[in-house]
Amino acid sequence: DEEFCVYWLNNIRGIGNTKISELMAIFGSACGVYNAGEQELKDAMSGSNVRFSHGDFDNLIACRNAEWVRREYESLVAKQIAFTYPGRADYPVRLGMIYDAPHILYYKGHLPDAAPSVAIIGARACSAYGRQIAEMFGRELARAGVQVVSGLATGIDTFGQRASAEAGGRTFAVLGSGVDVCYPRENIGLYMDIQEKGGIVSEFSPGTQPYAWNFPRRNRIISALADWILIMEAKERSGSLITADLALEQGKDVYALPGPVNSVLSQGCHRLIRQGAGILI
């Protein structure tokens with residue numbers, strides 16, 4: 001069925017989001033790709049504007065006949081991992097509005113709904129001031145019924161999400177690893193708590209380790225799932241600024257927390273404010 005074919009197509013080595021989009025456009029669905037004849041696939045890939053390699057074709061064919069794909073697909077239930085994809089009713093509406101939306105989204109717990117949603121992100125090595133403000137916003141947003149989205153990273157992400165969860169709010173952690181890989185490991189308690197009323201989400205296959213190059217990709221999902229992005233503290237060169245740039249490209253409002261002029265943790269926020277971001281006060 002389509003669900004299995006979506007899982008299959010998103011777990012082929014070398015076939016990323018752009019190539020999946022092209023194949024889906026040509027064949028109409030994941031099942032259309034799965035059921036295409038070998039020559040039909042080869043002709044479509046060779047005639048495409050997207051650059052497919054010979055290895056891509058070989059991987060498609062080999063993976064289509066691999067029993068391990070079926071076993072892994074069936075094992076997701078045992079791991080309490082679910083997934084959704086574009087076209088399903090539970091696929092987050094906000095996520096479907098970006099041009100490079102993931103073709104599969106794994107999750108443990110729940111998915112964000114249509115309620116107002118705010119991303120709280122910032123420095124890992126944050127100050128006591130940054131922690132205090134992140135906790136205040138996480139707590140008050142939860143009490144107001146606003147969902148909190150972040151990345152489960154140490155520092156600002158952790159403090160904002162923990163405060164939201166402790167106040168009974170719905171909070172969602174977007175990982176740069178598989179949803180079954182808690183990173184950082186010291187956040188295992190928060191990782192478990194978030195699944196009670198919120199959820200752990202990722203576009204990366206279960207078991208994927210937190211490789212550094214995964215995090216810039218996951219940042220676009222954080223910004224896409226939020227209506228507003230709050231940057232608490234950020235250095236001049238910071239992953240939080242990547243998220244802010246992605247949010248602006250997606251048409252989202254970004255707010256930055258001002259801080260001491262001599263603090264390196266405020267330099268990124270002050271730059272955002274100079275560029276037109278809202279002042280978080």
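Reader: To start, which residues are linked in a network of salt bridges?

Author: In this predicted model, the network of salt bridges links D100, E203, R217 and R220.

Reader: And how far apart are the closest N and O atoms of R220 and D100?

Author: The closest N and O atoms of that salt bridge, between R220 and D100, are 3.1 Å apart. The pair joins distant parts of the chain, with R220 in helix α10 and D100 in the loop between β1 and β2, 120 residues apart.

Reader: Are those two, R220 and D100, buried or exposed?

Author: R220 and D100 are both buried.

Reader: Changing topic, what does R94 meet in a salt bridge?

Author: The side chain of R94 meets that of D227, at 3.0 Å from N to O.

Reader: Why does R94 count as buried?

Author: R94 counts as buried because its relative accessibility is 14%, and the cut-off for buried is under 20%. D227, with a relative accessible area of 23%, is partly exposed.

Reader: Which residue forms a salt bridge with K19?

Author: That partner is D56, and the closest N and O atoms are 2.7 Å apart. This pair also links distant parts of the chain, since K19 sits in helix α2 (residues 17-27) and D56 in helix α5 (residues 54-64), 37 residues apart. K19 is buried at 18% relative accessible area, and D56 is buried at 4%.

Reader: How many salt bridges are there in the whole structure?

Author: A search of the whole structure finds twelve.

Notes
Residues are numbered from 1 along each chain as its sequence is written. This is a predicted model: local features need pLDDT of at least 70, side-chain atom pairs count only at pLDDT 80 or more; totals for chains, interfaces and linings use all residues. Side-chain values use heavy atoms; hydrogens and water are left out. A salt bridge is a side-chain nitrogen of Lys or Arg within 4 Å of a carboxyl oxygen of Asp or Glu. Helices (H or I, at least four residues) and strands (E, at least two) are DSSP runs, numbered from the N terminus. Buried means under 20% relative accessible area, exposed over 50%, partly exposed in between (1.4 Å probe, protein chains only).
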